[in-house]
Amino acid sequence: MILIISDENDNSTNDVIDWLLFYNAEFIRIHPDHQVAIRALSIEEDGAANFELHCNEQKISYAQITSVWYRRGRLKLELEYSRLADTIEGLDMATKDEIHVLTDFIHYLLSLKPHISNFLSRKVNKLQCLFIARQCGLSIPPSYLFTRKEQLRTLHARPTALINKPLGEVFDLKFKRRLYITMTEEITASLVANAPDAFLPSLFQHKIKKFVELRIFFLFDDFYPMAIFSQTDAQTAVDFRNYNYQKPNRNVPVELPAGLTEKLKRFTKEVKLNCGSIDMIVTPEDDYVFLEVNPVGQYGMVGFPCNYQLDKKIAEFLIQ
């Protein structure tokens, strides 16, 4: 049986499930709103481990699971226990820690099955990935982390243009009834002048001149690159995710140089990812510059424009 852990309304998951249904494959899908009850878990003297979960009146035995696809979310364990935690100070936090330990171990056991992605590697450290990418021979933008206006002013005074991006994942927030999203932004003289004297640790990088951007989906040692002509539109020139829905960027399949593919293989193994999306820039001088990796991987935006049939490939791996 194939186990899928994903958000309920994730369309990319639905596309893969269409293929599983076509192949008459047995699967179960769990999303974060499902209440998952655990009945037993064991680690035997010989090292064999097993557990039994119940979800929507269906029993899931670890031994029955043939492959796992972690897409999004996490298992939400429903436990029946005395509610002393409601009356004893500090016990509620201790109870949550115990549940987290149990949940993480279940995810660890699932990662021992043939799998695509896993819960324990769902997040990566952007700074660590930049460092590892350079160690693997990939070019990266010179990167700096500052907390003071004076540091930023000194760097901005140099001839090289700068950009700023979040250290973590993209997020949005509301302020005075407006929605703000943490896109990559170019650092202007006005922004430097209006910056506070001290601010949260912030990532600044040299702005790399673009010929095209690359979004490269990878599944094990296979890479599926797509060129994004974002620089032809002022709205998407700095960050293609600032989509122009009226005039979308041109997206086309491309081939990667053989030497670059080998470096990317080393990188994905070093960061322990077997699936995800890598963002790169190709400069006018035909240099390839690594930006970051998304460990979940948005394969729909690459698979459909480039006709890579990635949803079918994922389904076939899970079956095989």
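This is a predicted model: local features need pLDDT of at least 70, side-chain atom pairs count only at pLDDT 80 or more; totals for chains, interfaces and linings use all residues.

Colleague: How many bridges pair β1 with β2, and in which sense?

Modeller: Four bridges, in the parallel sense. β1 covers residues 2–5.

Colleague: What's the strand order in the open sheet of four?

Modeller: The order is β2-β1-β6-β8, with parallel pairing. β2 (27–30) and β8 (115–116) are the edge strands, each pairing on one side only.

Colleague: Which strands does α1 lie across?

Modeller: Helix α1, residues 11–22, lies across β1, β2 and β6. It runs at about 165 degrees to β2.

Colleague: New topic. How many salt bridges are there?

Modeller: The count is twelve. One of them joins Arg 71 and Asp 10, at 3.0 Å from N to O. Arg 71 sits in the loop between β6 and β7, Asp 10 in the loop between β1 and α1, 61 residues apart.

Colleague: Buried or exposed, that Arg 71?

Modeller: Arg 71 is buried, because its relative accessible area is 1%, under the 20% cut-off. Asp 10 is buried too, at 11%.

Colleague: What about Lys 126, what does it bridge to?

Modeller: Glu 292, with the closest N and O atoms 3.8 Å apart. Lys 126 is in helix α3 and Glu 292 in strand β19, so the pair ties together parts 166 residues apart in sequence.

Colleague: And which lysine meets Glu 292 at 3.2 Å?

Modeller: Lys 165. Lys 165 is in strand β10, 127 residues from Glu 292. Both Glu 292 and Lys 165 are buried.

Note on methods: Residues are numbered from 1 along each chain as its sequence is written. Side-chain values use heavy atoms; hydrogens and water are left out. Two strands pair if DSSP finds at least two bridges between them. Helices (H or I, at least four residues) and strands (E, at least two) are DSSP runs, numbered from the N terminus. Contact means heavy atoms within 4.5 Å. Axes are lines fitted to C-alpha atoms, for helices over the stretch in contact, and angles run from 0 to 180 degrees between N-to-C directions. A salt bridge is a side-chain nitrogen of Lys or Arg within 4 Å of a carboxyl oxygen of Asp or Glu. Buried means under 20% relative accessible area, exposed over 50%, partly exposed in between (1.4 Å probe, protein chains only).
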